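Here are my notes on the model, as numbered points. Please read them with the coordinates open.

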Amino acid sequence: MAAKINEAHDHIAKAEKYLKTSFMKWKPDYDSAASEYSKAAVAFKNAKMLEEAKEAYLQEAEAHTNNKTLFHAAKALEAAGMMLKDMQRIPEAIQYIERASMMYVENGTPDTAALALDRAGKLIESQDLAKAVDLYQKAASVFENEDRLRQAVEMLGKASRLLVRQHKLDEAAVSIQKEKNMYKEIENYPTCFKKTIAQVLVHLHRNDFVAADKCVRESYSLPGFSGSEDCVALEQLLQGYDEQDEDQVHCVCNSPLFKYMDNDYAKLSISLRVPGGGKKKAPASAADAGEGAEAGEADEDEYAGGLC
């Protein structure tokens, strides 16, 4: 352990020497200094001195920035963020990863930026859902700007689910619509059908039947939607909801098509209730059936001789 610490300090001393200027050396040697700071960070990390490792990575990042090697500067910032993650200082870690992502974009490597934002989103999800949504949306925007729609829509999907989890249903409705548009653009129509189900569930939980119905009607223009399992189920759901038929809504929402969606949408499905508590069709008992038959016979007798 002591040997690793001494090794780290030796690398720091060498880095500082490379940064000094003199009469014969007009410019700092940023490249060599960055290399020494990187070695120091690894030595500190191996010695379990994570705070010192983080600082060494930040010094490496500064040296690379001064040397105009932004990709390597961003990598060092990410590494500093990982040290903070290991120290359970997640919000601070996210700040460094966001800074790194901006550097990746500036360097002309947007894909790496988007992947960094995705990693940051996963890190913060358990602590701050709103921040995770923000990071996934930023990642989606970066991918979208590069016409990487498949990757963009994956990030949007993560954001949509977390918005539902936070019960931010207005924002979720907008996000899912954007997802659906992207899937339509890349001609992934079966997934468009699933997104229509998600939309309808969100709108019904918003008590907006008109919007839910509109989503289904618009989906009829999608190849293969009309008559599909998804279409039939949605028509039954909307009919049951409109008629306040709790049995029909319960039947559709508990079908495998709905129950085995992503967990956040499945929860919406299971918890959906019709307005005003709805009505249930009570099964007819044998006594009720007998009374009904007698009533029918009485009516028949009453009008046996005709209306006159």
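1. A contact, as used below, means heavy atoms within 4.5 Å. Helices (H or I, at least four residues) and strands (E, at least two) are DSSP runs, numbered from the N terminus. Buried means under 20% relative accessible area, exposed over 50%, and partly exposed in between, with a 1.4 Å probe and protein chains only.

2. This is a predicted model, in which local features need pLDDT of at least 70 and side-chain atom pairs count only at pLDDT 80 or more, while totals for chains, interfaces and linings use all residues. Residues are numbered from 1 along each chain as its sequence is written, and side-chain values use heavy atoms, with hydrogens and water left out.

3. Overall, the protein chain has 16 helices and 0 strands. Of its 308 residues, 41% are buried. Among contacts with a separation of 6 or more, 57% are between residues 24 or more positions apart. The accessible surface (Shrake-Rupley method, 1.4 Å probe; for residues, only the protein chains shown count as cover) is about 16800 Å², and carbon and sulfur atoms hold 51% of that surface.

4. Helix H12 covers residues 229-242. Its 14 residues reach 20 Å from the first C-alpha to the last, close to the 20 Å expected at 1.5 Å a residue; the expected span is 1.5 Å times one less than the number of residues. The buried residues of H12 include Leu234, Leu237 and Leu238, and also Asp230. They pack against helices H10 (189-205), H11 (209-219), H13 (246-253) and H14 (256-259). Just after H12, glutamine 244 has a positive phi of about 55°.

5. With 15 residues, H6 reaches 21 Å from its first C-alpha to its last, close to the 21 Å expected. Among its buried residues are Ala113, Ala114, Ala116, Leu117, Asp118 and Ala120. The cover over the buried residues of H6 includes helices H4 (70-86), H5 (90-107), H7 (129-145) and H8.

6. Not counting residues up to four places away in sequence, lysine 158 touches Asp118, Lys122 and Tyr136. Asp118 is itself one of the buried residues of H6.

7. A search of the whole structure gives 23 salt bridges, a salt bridge being a side-chain nitrogen of Lys or Arg within 4 Å of a carboxyl oxygen of Asp or Glu. One of them joins aspartate 111 and arginine 148, with the closest N and O atoms 2.1 Å apart. This pair links distant parts of the chain, 37 residues apart: aspartate 111 is in helix H6, and arginine 148 is in the loop between H7 and H8. Aspartate 111 is partly exposed at 27%, and arginine 148 is partly exposed at 29%.

8. Glutamate 144 and lysine 178 also form a salt bridge, with the closest N and O atoms 3.5 Å apart. Glutamate 144 is in helix H7 and lysine 178 in helix H9 (residues 169-185), so the pair ties together parts that are 34 residues apart in sequence. Glutamate 144 is partly exposed at 30% relative accessibility, as is lysine 178 at 38%.

9. Glutamate 55 forms a salt bridge with lysine 54, the closest N and O atoms being 2.9 Å apart. Glutamate 55 is partly exposed, at 37%, whereas lysine 54 is buried, at 6%. Both belong to a network of salt bridges that links Glu51, Lys54, Glu55, Arg89 and Glu92.
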